[in-house]
Amino acid sequence: MSHSKPHPVSGIIAVLIAAILWGTTGTAATFATGVSPLAIGSVAMGSGGLLQALLALPTILAGRKEMAANRNFLLAGALAVAVYPLAFYAAMHYAGVAAGTVISIGSAPLLSALIEYWFDGHSLSRQWLTGAVTGVAGIVLLCIAEGNAAAAGDSLQTAAGILLGLLAGLTYALYSWSARRMMNNGVSASAAMGSTFGAGGLLLIPVLLLSGAPLLASVTNTCVALYMALVPMFIGYLCYGYGLARIKASTATTLTLTEPVVAALLAVTLVGERLPVTGWAGIGFIILCLVIISLPGRKPSRRTASGNIPPAIG
């Protein structure tokens, strides 16, 4: 008895919708006054993650045996989910909305492919290497632009934002890969995403309790918190989980390079940030990286060295 395989186009569209929603988070965060990046990150990902877990609770309970067998992937994903928003919003705070988002999301596809290379045995094609070089060049140009724009006293702050952005990219790639591995090993998409983000949300609760008081200081701050939790984090990650069940983690993270483009446009038009020509050139290189890596290519081979576990599905 045969069954039809989900068409990857629907997965691509779902991930693109998620990326557009995520691209609004940096701009939305600027409307919350007196709120730290830790509070924004913990309320957004923490609340959104717990909502996902609640929605997915029936499938989580039904698949608890499969999840127990994948507990290492679940733990890795949960830790990455907890670290990601703290690093991401801190990167935007220190390096600016446009640069922080571009570095965080722009580095994720490159780091995701390296994770798949190391753990799954996926080879790195010439196409990927070309895209990687292009993407790195874009990130470097953007960093130079931000460094030149920053005052001498802010250079250390900008550098911290760049490093935090790279940490966000790494943790983003890690939880995408771990959730995908759980799905490959028989855990449903709903259970994999719900349990990963629910566990990560639980880890973020102490951070929210320590830093979240300003979120209740005004109606605007509360509205920002509700928007972040319900729209980009809850609805966005439902779309992302749907797409991740249908396409590779590295493909999904590559498609989310749409996010920094949306974030940069909103930062310039609504927040009033200004990027020099070098910065826009960097964003252009990162978009070109997206195009190169997304182009159809030969199916990647897998290394057969011992210690590299091939994924359950291609």
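Guide: Start with burial. A residue counts as buried if its relative accessible area is under 20%, as exposed if it is over 50%, and as partly exposed in between. Keep in mind that this is a predicted model. Take Y172: its relative accessibility is 1%, so Y172 counts as buried.

Visitor: What share of the 314 residues of the chain counts as buried?

Guide: The share is 51% of the 314 residues. As for the surface, the accessible area of the chain is about 14,200 Å², and carbon and sulfur atoms hold 72% of that.

Visitor: How many helices and how many strands does the chain have?

Guide: There are 14 helices and 0 strands. Read along the sequence, the pattern is therefore α at each position, α-α-α-α-α-α-α-α-α-α-α-α-α-α. For the way the chain folds back on itself, look at contacts between residues at least 6 apart in sequence: 88% of these join residues at least 24 apart.

Visitor: How do I read the nonpolar core?

Guide: The general idea is that nonpolar side chains tend to be buried together in soluble globular proteins. In this model the largest nonpolar core has 80 residues, and the members that touch the most others are I40, M45, Y84, Y175, Y237 and Y240. Helix 6, residues 71–95, gives the most to this core, with 12 residues.

Visitor: Which residues does I40 contact, leaving aside its neighbours within four places in sequence?

Guide: With those neighbours left aside, the contacts of I40 are A29, A32, V35, Y89, L215, V224 and M228.

Visitor: How do I read a pair of aromatic rings?

Guide: Use the distance between ring centres and the angle between ring planes. Planes over 60 degrees apart count as edge-to-face, those under 30 as stacked, and the rest as tilted. The structure holds 15 aromatic pairs. In one of them, Y84 and Y175, the ring centres are 5.7 Å apart and the planes lie at 80°, so this pair is edge-to-face. It joins distant parts of the chain, with Y84 in helix 6 and Y175 in helix 9 (residues 155–184), 91 residues apart. Both Y84 and Y175 are buried.

Visitor: What kind of pair do the rings of Y172 and Y240 form, and why?

Guide: Their centres are 6.1 Å apart and their planes are at 45°, so the pair is tilted. Y240 has a relative accessible area of 0%, so Y240 is buried.

Visitor: Which residues form one aromatic cluster?

Guide: The cluster consists of W22, Y84, F88, Y89, Y172, Y175, F197, Y237 and Y240.

Visitor: What does N221 touch, not counting residues up to four places away in sequence?

Guide: N221 touches F31, A32, T33, V35, P214 and L215 on that count. N221 lies in helix 11, and at 2% relative accessibility N221 counts as buried.

Visitor: How do I read the cysteines?

Guide: A disulfide is a covalent bond between the sulfur atoms of two cysteines. The count in this model is 0 disulfides. C289 has a relative accessible area of 0% and is buried, whereas C223, at 44% relative accessibility, counts as partly exposed.

Note on methods:
Residues numbered from 1 in each chain as written. Predicted model: local features only at pLDDT ≥ 70, side-chain atom pairs only at ≥ 80, totals over all residues. Heavy atoms only, no water. Core = buried A, V, L, I, M, F, W, Y, C linked by side-chain atoms within 4.5 Å. Buried < 20%, exposed > 50% of the residue type's maximum accessible area, 1.4 Å probe, protein only. Helix = DSSP H or I, 4+ residues; strand = E, 2+ residues; numbered from the N terminus. Contact = heavy atoms within 4.5 Å. Phe/Tyr/Trp six-rings, centres within 6.5 Å; stacked < 30°, edge-to-face > 60°. Areas by Shrake-Rupley, 256 points an atom, 1.4 Å probe, with all protein chains shown as cover. Disulfide = S-S within 2.5 Å.
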